[in-house]
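Hi,

Here is the structure I promised to pass on. Have a look at it first, then read my notes below.

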Amino acid sequence: MITATKKRKPAEKGVAVFDRELDDLPQELRWREWMGRIEAVLFASASPVGRDDLARVVGQGASVEMLIDDIQAELAGRPYELAQVAGGWMFRTRTQFADAIKAAADLGEQSLAFTEMEMGVLCAIAYHQPIDRAGLKDIFGKEISRDLLARLRFKDLIASGPRAPRPGAPHTFVTTETFLMTFDLQSLRDLPELELSDS
């Protein structure tokens with residue numbers, strides 16, 4: 001088997017050359033290599049990988065979106081999928097296999113169970129961020145406990161935001177990338193529309 005090779009410029013001493021373009025490969029093999037690179041990057045990452053990061057491993061003429069589409073098509077019928085979430089893409093198991101994973105890993109019940117108040121506060125933060133404790137008090141008509149906020153922070157669903165423009169410049173709260181991934185949102189724009197009552 002004879003393969004065409006392109007003479008490459010020698011690398012600077014101690015610097016590895018990463019060939020994004022792969023001009024020495026036929027188009028079909030180049031496309032396959034780019035798909036493999038994207039899969040490898042996504043497989044190695046525990047969090048969503050954005051388009052700009054993926055574009056660094058493929059050539060100038062490659063469409064990251066088309067490469068993703070081809071990878072998704074190859075994964076049809078597999079127990080995992082390539083999903084777009086939180087501003088990037090990541091591999092995740094399909095939901096119908098959750099029980100099998102729990103049984104194999106002996107995870108028991110580790111669901112993200114919320115009390116009604118925790119869910120209410122999380123929603124208030126999601127829709128009104130950045131918001132401080134005084135803002136939450138205005139919404140709920142009572143103080144929101146630091147313990148409740150600490151539980152949401154422990155689950156990595158909220159984080160500290162910018163200081164509020166109130167006397168004392170209190171901390172505000174914002175949602176995290178984990179929040180987006182947990183609720184399968186690409187961005188906060190994907191939150192459902194709020195239905196406001198007339199009362």
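Let's start with a question: is F183 buried, partly exposed or exposed? The relative accessible area of F183 is 31%, so this residue is partly exposed. Keep in mind that this is a predicted model.

F114 and F183 make a stacked aromatic pair, with 6.3 Å from centre to centre and 25° between the planes. The two sit 69 residues apart, so to speak in distant parts of the chain: F114 is in the loop between α4 (98–105) and α5 (116–128), while F183 is in the segment after α8 (177–182). F114 counts as partly exposed too, because its relative accessibility is 22%, and the cut-off for buried is under 20%.

Another one is W31 with W34: their ring centres are 6.2 Å apart and their planes are at 65°, which makes the pair edge-to-face. Both belong to helix α1, 3 residues apart, or about one turn of the helix. W31 and W34 are both buried.

Helix α1 (residues 27–44) packs against helix α3 (residues 64–74) at an angle of about 80°, and their axes are 10 Å apart. The two helices are therefore roughly perpendicular to each other. W31 and W34 are among the α1 residues that make this contact, and the α3 side includes M66, L67 and I71. Sorted by class, the contact has 9 nonpolar, 4 charged and no polar residues.

Cheers

Terms used:
Residues are numbered from 1 along each chain as its sequence is written. This is a predicted model: local features need pLDDT of at least 70, side-chain atom pairs count only at pLDDT 80 or more; totals for chains, interfaces and linings use all residues. Side-chain values use heavy atoms; hydrogens and water are left out. Axes are lines fitted to C-alpha atoms, for helices over the stretch in contact, and angles run from 0 to 180 degrees between N-to-C directions. Helices (H or I, at least four residues) and strands (E, at least two) are DSSP runs, numbered from the N terminus. Angles under 35 degrees count as roughly parallel, over 145 as roughly antiparallel, 65 to 115 as roughly perpendicular and the rest as oblique. Contact means heavy atoms within 4.5 Å. Ala, Val, Leu, Ile, Met, Phe, Trp, Tyr, Cys and Pro count as nonpolar, Asp, Glu, Lys and Arg as charged, and the others, Gly among them, as polar. Rings of Phe, Tyr and Trp (its six-membered ring) pair if their centres lie within 6.5 Å; planes under 30 degrees apart count as stacked, over 60 as edge-to-face and the rest as tilted. Buried means under 20% relative accessible area, exposed over 50%, partly exposed in between (1.4 Å probe, protein chains only).
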